[in-house]
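Have the viewer open as you read.

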Amino acid sequence: MSKALVVLKREYVEVVRKKSFIIMTLLFPFLMAALMFVPTLLMMKGIQGKRVVVVDGTGKLQDAFGTHPTDVPPASRPASKAGRELAKQAEGPQAAKVAELTTEYVAASGDAKSAAQPYLDRLRENDDTRARLDGVLVIPSDAFTDASAKLVYYSRAASDIMTQERLAGMVNHALARGRLAGRGIDAADADRLLKRLDLESVQLSKSGKEKKGGELSFLVGFIFAALLLFPTMIHGQEVMRGIVQEKTERVIEILISSMPSFDLLSGKVAGLALVGLTQVGAWLAMGGAMAVYSGGAAMVAGVNVFQYVDLRVIPWFFVFFLLGYLTFVCIYAVGGAISNSEKEAQQFMGPIMMVAMVPWMLAFPILQNPESTLATVLSLIPVFTPITMFMRIIVSEPPMWQVGLSIALSVATIYVFFWMTAKIFRIGILSYGKRPSPAELWRWLKVA
Amino acid sequence: MSADAVLWVREVTKTFGQVRAVDRLSFAVARGTITGLLGRNGAGKTTTLRMINGIFLPDAGVIELLGAADAAAVRDRIGYLPEERGLYRKMRVLDQLLFLAEIKGQRPAVARVRAEAWLKRFDLWDKRAGKLEELSKGNQQKVQLIGALLHDPEVVILDEPMSGLDPINVVLVRNILKELKAEGRTILLSTHMMGEAEKLVDEIVLIHEGRAVLAGELEQVRASFGSNTVHLVFEGDGAFLAGLPGVAAARVDTNAAELRLAPGADAQAVLTAAVAKVRISRFEIAAPSLEEIFIDRVGAGAPERRPAEVTV
């Protein structure tokens with residue numbers, strides 16, 4: 001058996017047999033699900049129970065607000081971008097429940113602010129013995145006449161954008177109806193005039209296939225980017241730690257005197273690649289099983305991820321996973337080769353992780369505008385290529401030449417890093433003592 | 001040195017920063033012998049062994065091992081035991097041994113049979129499934145030694161093989177090394193324990209500050225120092241022995257002394273003087289011990305060289 005294979009076998013078996021690996025592999029999908037869905041669930045829950053007092057200074061908007069749960073007209077859909085994003089996540093089978101916003105209407109001709117005072121006090125005190133109040137909306141008396149009049153929403157949590165958006169929508173709809181009524185248009189006509197249409201997003205592909213639910217691609221892109229990133233971060237550090245340990249424990253002397261450093265490094269890297277593949281393979285299988293057998297679990301959160309994944313991206317996933325993974329495994333290996341202790345190695349982890357995180361931190365703009373200059377450029381910069389390009393593939397269809405170029409660039413990057421690592425490995429790994437200066441590193445690269 | 005040398009070290013130099021760890025060192029190791037590389041801490045023993053194993057490249061000079069100028073060409077025929085533990089702490093004992101054998105090109109099935117035999121001989125068979133870090137230091141050293149021997153090497157290079165072993169295990173390892181020699185293998189070991197070397201080695205290479213200061217067959221080396229040394233074992237306070245007339249140099253321990261006589265001095269006179277003050281249980285006129293030679297050559301006053309910035 002080739003010596004690289006012997007090393008590969010050892011690396012693989014030793015990692016896969018570890019309890020931490022098994023636990024991480026089994027738990028990660030659940031952690032991920034919790035991270036993604038729990039906030040959404042909590043948010044939807046938060047929206048359900050809102051009680052808002054509407055103090056109407058105009059005294060003419062009673063129709064729009066009852067004491068009963070308000071049936072929200074389409075016009076009251078959030079108008080702002082942030083509000084739409086939130087509403088989007090909340091939609092799904094539970095969307096109907098989102099409408100449960102209870103308003104209590106108080107007509108106050110004249111000084112709306114003073115009429116609202118008792119409610120504001122109640123809101124401030126947050127007295128448990130009385131019905132809970134989440135907010136007070138004050139409509140100024142000149143709402144119909146003064147275009148610069150402001151609706152004021154008092155609440156204990158100013159960040160409740162969704163409720164604000166919904167209330168603003170409801171008031172504006174009612175105001176528009178009122179203004180139209182003033183011009184002699186009856187209520188039914190006004191509603192028809194003000195009717196807003198829903199928007200459905202459809203992703204077109206060159207193959208002519210239509211895919212609905214594009215807004216969920218966003219979530220899917222996020223999840224897959226995480227799948228690409230996390231094993232890299234976990235096991236990449238493992239490579240670094242492993243190398244440093246071999247150095248501090250002097251196993252390296254045995255290894256180096258038994259095989260060429262190239263065999264040692266390729267065995268190590270390939271072994272860890274196999275570890276990573278095993279892990280994401282297990283995650284995908286678990287995700288798939290979850291989607292197939294207990295679709296219900298995912299449905300609770302209102303999202304069935306796999307329904308929105310074009311299965312043809314799976315091979316791409318493995319391609320870009322390997323490319324991204326190997327890139328960072330090699331970078332971490334360099335870090336390990338030039339460090340003499342775990343403490344020293346620790347200093348490299350932060351910066352390397354930051355670099356690895358860049359596409360993830362930019363996931364929002366990339367997924368929203370996969371054809372933008374930012375996304376295109378980032379997907380063609382080595383190191384960032386794999387994750388960025390894969391995110392683009394999930395939400396759009398980048399030109400084939402770009403995909404090909406990104407793969408070629410990644411392979412070249414890995415080759416260069418591997419070559420560098422092998423050289424530094426051969427020399428750096430045995431230089432017990434001070435960490436090499438950049439100048440020394442450069443000398444090492446030129447020699448050997 | 002015979003032409004049948006398995007190892008030639010010629011004019012080898014290795015410098016770390018400002019420190020010349022090995023300085024134009026030359027020696028040879030004959031086939032089928034046990035050669036001891038002796039020297040103080042920091043003398044350059046470990047650096048030399050690492051260069052022989054191809055772990056470090058010499059800055060200058062040539063190392064020829066089993067007829068090859070590059071250790072890489074013959075590495076599967078070499079067994080190496082590094083100075084400090086060179087094993088994976090978290091790996092199980094048997095797995096570790098199989099790994100070590102396989103990276104030396106041994107087939108797994110053969111390695112398994114041999115590992116079992118060795119583990120049993122070293123009384124470690126029960127511990128084969130445990131992690132290395134669970135073993136005592138001495139047991140770890142035994143595992144390390146098995147690792148160096150599993151692939152049936154022609155040349156065995158051992159850096160401080162006895163370190164951490166208790167007396168029983170020292171005897172066991174010594175016997176094993178003698179068996180290996182009887183099988184025709186060549187052994188090169190480093191040590192700073194002269195007493196141990198004396199019982200084991202055929203040839204010595206004494207190095208000091210990176211240079212060979214003395215080399216050759218142990219008995220010849222000792223004879224060359226002449227039979228002018230008195231070995232005494234006694235009961236009582238022997239402090240006076242160093243001051244006796246005719247004693248040129250003395251090393252007096254609690255119950256033993258080694259006295260080098262001045263030229264022309266009479267050993268009998270020394271004995272008579274000694275008997276007057278202490279009870280003598282042994283008196284011998286012989287060649288000096290290796291320890292005496294070592295101290296004579298290397299000098300007790302010579303500063304120990306252990307550079308701070310590099311471990312050599």
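## The strands of chain B

β11(B) and strand β12 (residues 256-261) of chain B pair in the antiparallel sense over five bridges. Strands are DSSP runs (E, at least two residues) and helices likewise (H or I, at least four), numbered from the N terminus; two strands pair if DSSP finds at least two bridges between them. B:Val247 has B:Leu261 of β12(B) as its bridge partner.

This pair belongs to an open antiparallel sheet of four strands, ordered β11-β12-β10-β13 (chain B). Its edge strands, each pairing on one side only, are β11 (247-252) and β13 (279-286) of chain B.

## About the model

This is a predicted model, where local features need pLDDT of at least 70, side-chain atom pairs count only at pLDDT 80 or more, and totals for chains, interfaces and linings use all residues. Residues are numbered from 1 along each chain as its sequence is written, while chains are lettered from A and ligands numbered from 1 in the order in which they are written.

## An enclosed helix

Helix α5 (residues 137-149) of chain B is largely enclosed by the rest of the structure, because 10 of its 13 residues are buried (20 or more other C-beta atoms within 10 Å of their own, C-beta atoms being placed from the backbone). Among them are B:Val143, B:Leu145 and B:Ile146. The cover over the buried residues of α5(B) includes α3 (93-102) and β6 (155-159) of chain B.

## Where the chains meet

The contact (C-beta atoms, placed from the backbone, within 7 Å) takes 20 residues from chain A and 24 residues from chain B. On the chain A side, α9(A) gives the most, with five residues.

Notes:
Contact = placed C-beta atoms within 7 Å. Buried ≥ 20, exposed ≤ 12 C-beta atoms within 10 Å, placed from the backbone.
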